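Let's take a friendly walk through this protein model, one topic at a time. Keep the picture beside you as you read.

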Amino acid sequence: KKRAAELRDELLFKQPESSHLGDCPICLLPLSIKEEQITMMECCSKVICNGCSITNLIRELDDERLEPKCAFCRCRVPSQKSDAKKNTMKRVEANDMMAMCFMANLSYEEGNYVDSFKYSSKAAEMGDADSNYRLSILYWRGRGVEKDEKKEMHHLEEAAIGGHPAARYNLGVHDLNKGRMDRAVKHYIIAANLGHDASIQEVKDLYAKRFVCKEDFAAALRAHHAAVDAMKSPQR
């Protein structure tokens with residue numbers, strides 16, 4: 001059991017190369033970890049940055065001969081929300097992980113936690129970090145499923161391993177509340193290195209309280225700044 005726990009920690013505290021979102025498939029720059037700065041296309045389930053989405057929209061508006069099309073796959077953009085949802089459901093039926101994640105999020109926002117749990121569970125089984133994060137919230141709040149702290153933490157860890165900064169931050173909060181300072185600091189630094197603003201603030205606060213050494217603090221600041229810069233572009 002001790003060796004299994006050590007191996008789990010090795011996996012848990014490994015710095016991901018990028019966030020769970022990866023790069024925009026069009027401009028190939030890292031996608032922003034802020035949800036309001038990215039868009040999922042219902043037709044192909046591709047997540048693109050708002051910069052590429054807006055650039056495509058401007059191009060279409062400048063030429064009246066062009067009809068609205070997806071910036072990635074060039075399919076015609078549905079004019080009705082109902083049609084867009086039908087497209088997403090087709091992707092779900094084809095076992096598209098991102099479409100399931102989208103429906104899980106939509107169901108959660110609509111208050112349909114049972115369906116949110118269903119879609120999240122399927123996407124999480126396929127390795128989706130965002131769905132693991134959503135499952136941790138559902139288990140924490142007891143929405144669509146009974147409260148279960150053990151399962152909550154399992155999915156939170158799976159999301160963090162997959163590069164989800166918010167999940168990593170929540171693990172830091174959990175360990176901080178439990179008095180496990182060394183583990184909390186590691187979580188905050190890993191998330192800060194991915195460009196997570198709340199985590200770098202926690203690192204700053206813990207440095208002021210002398211729980212973070214000067215070298216680790218400086219390295220975290222540099223990594224956070226580099227990650228944030230990498231997610232910027234003139235179009236964004």
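## Aromatic pairs

Four aromatic pairs are found in this predicted model. Is Tyr108 buried or exposed? Its relative accessibility is 17%, below the 20% cut-off, so Tyr108 counts as buried. Tyr113, with a relative accessible area of 24%, is partly exposed.

Tyr207 is partly exposed at 30%, while Phe217 is buried at 14%.

## Charges over rings

Lys118 lies over the face of Tyr119, 4.8 Å from the ring centre, and Lys186 lies over the face of Phe13, at 5.1 Å.

## The nonpolar core

How many residues does the largest nonpolar core have? It has 15, and Tyr133, Ala160 and Leu171 are among those with the most contacts inside it. Helices H6 (129-141), H7 (149-161) and H8 (165-177) each supply at least two residues of this core. Beyond its close sequence neighbours, within four places, Ala160 is in contact with Leu12, Pro16, Ala167, Arg168 and Leu171.

## A closer look at H6

Eleven of the 13 residues of H6 are buried, so this helix is largely enclosed by the rest of the structure. Its buried residues, including Tyr133 and Leu135, pack against H4 (97-109), H5 (113-125), H7 and H8. Just after H6, Gly142 takes a positive phi of about 70 degrees.

How values were computed
Residues are numbered from 1 along each chain as its sequence is written. This is a predicted model: local features need pLDDT of at least 70, side-chain atom pairs count only at pLDDT 80 or more; totals for chains, interfaces and linings use all residues. Side-chain values use heavy atoms; hydrogens and water are left out. A nonpolar core is a set of buried Ala, Val, Leu, Ile, Met, Phe, Trp, Tyr and Cys residues joined through side-chain atoms within 4.5 Å. Buried means under 20% relative accessible area, exposed over 50%, partly exposed in between (1.4 Å probe, protein chains only). Helices (H or I, at least four residues) and strands (E, at least two) are DSSP runs, numbered from the N terminus. Contact means heavy atoms within 4.5 Å. Rings of Phe, Tyr and Trp (its six-membered ring) pair if their centres lie within 6.5 Å; planes under 30 degrees apart count as stacked, over 60 as edge-to-face and the rest as tilted. A charge sits over a ring if NZ of Lys or CZ of Arg is within 6 Å of the ring centre and within 35 degrees of the ring normal.
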